[in-house]
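Trainee: I'd like to learn how to read ring pairs and helix packing in a model. Can you walk me through it?

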Amino acid sequence: MLDSLYFLSDKRFVLCIAVVLIILTVLSLKTATIKKKKSSLIMAGYKLIYTDQKTDFKEKNVEYGKILHSEKYDIQGKPDYIFKKVVSNDIVPFELKSGSIGDKDYPHKGDLLQLASYFIIIEDVYGVRPKFGKLVYKDYMFIVKNTKSIRKEVLKTVDSMRSMMKNGKGSANPSFANCRYCVCRGTVCEYCKKE
């Protein structure tokens, strides 16, 4: 009888361990879409394949300053850097910003959409969908995942801009959430005058 109690408790122990491991695995898979870290341009295991930076010394197999154009979405841009993983086809765009982000936990919305537009352009030009990109400020950088929602936001913004150019009318959508990190807040914006 005592042996069967030990057997039962062993099964319960193994079951508890299995449940804890499953919970930890699920939690580790639910990582943030945007992570804030200290600024760094180091990309170990990657090689440079594109740069918008002007230089006298040109490396072989690196594109310099070419405008990348997505035929499918009719958008174009020039990311500061694109790195390719040495052992696979993974591609990572880098966008450098001259300003600081300070204690803000989120990048400027325009900067975020700029990086996300490079996700779309790179997929069309290189045939590889970037998993993430880096938005690098002087003091911090943001590692941004290439999600459906951020791509959808870019395409919605592009459509809105095209409509505004076509009919000459645009509409503002001022709110605390939309304006809190805007560079125009408290300066030139008529919706958010300096307090």
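Predicted model: local features only at pLDDT ≥ 70, side-chain atom pairs only at ≥ 80, totals over all residues.

Trainee: What describes a pair of aromatic rings?

Mentor: You look at how far apart the centres are and at the angle of the planes. Here the count is three aromatic pairs. Take F83 and F94: with ring centres 5.2 Å apart and planes at 65°, over the 60 degrees needed, the pair is edge-to-face.

Trainee: Where do F83 and F94 lie?

Mentor: F83 is in strand 6 (residues 81-85) and F94 in strand 7 (residues 91-96), so the pair ties together parts eleven residues apart in sequence. Both F83 and F94 are buried. Ring pairs also bring in Y81, giving a cluster of Y81, F83 and F94.

Trainee: And how are the rings of Y137 and F142 arranged?

Mentor: Their centres are 6.0 Å apart and their planes sit at 90°, so that pair is edge-to-face. Y137 and F142 are both buried. There's a charge to spot too: K36 lies over the face of Y140, 4.1 Å from the ring centre.

Trainee: OK, now helices. What describes two packed ones?

Mentor: The angle between the axes and the distance between them. In this model, the axes of helix 2 (residues 109-126) and helix 3 (residues 148-167) come within 9 Å and cross at roughly 100°. That makes the two helices roughly perpendicular.

Trainee: Which residues make the contact?

Mentor: Helix 2 contributes residues including L112, L113, F119 and I120, while those from helix 3 include I150, V154 and L155. By class, the contact has eight nonpolar, two polar and four charged residues.

Conventions. Residues numbered from 1 in each chain as written. Heavy atoms only, no water. Phe/Tyr/Trp six-rings, centres within 6.5 Å; stacked < 30°, edge-to-face > 60°. Helix = DSSP H or I, 4+ residues; strand = E, 2+ residues; numbered from the N terminus. Buried < 20%, exposed > 50% of the residue type's maximum accessible area, 1.4 Å probe, protein only. Lys NZ or Arg CZ within 6 Å of the ring centre and 35° of its normal. Axes fitted to C-alpha atoms, helices over the stretch in contact; angles between N-to-C directions. Parallel < 35°, antiparallel > 145°, perpendicular 65-115°, else oblique. Contact = heavy atoms within 4.5 Å. Nonpolar A, V, L, I, M, F, W, Y, C, P; charged D, E, K, R; others polar.
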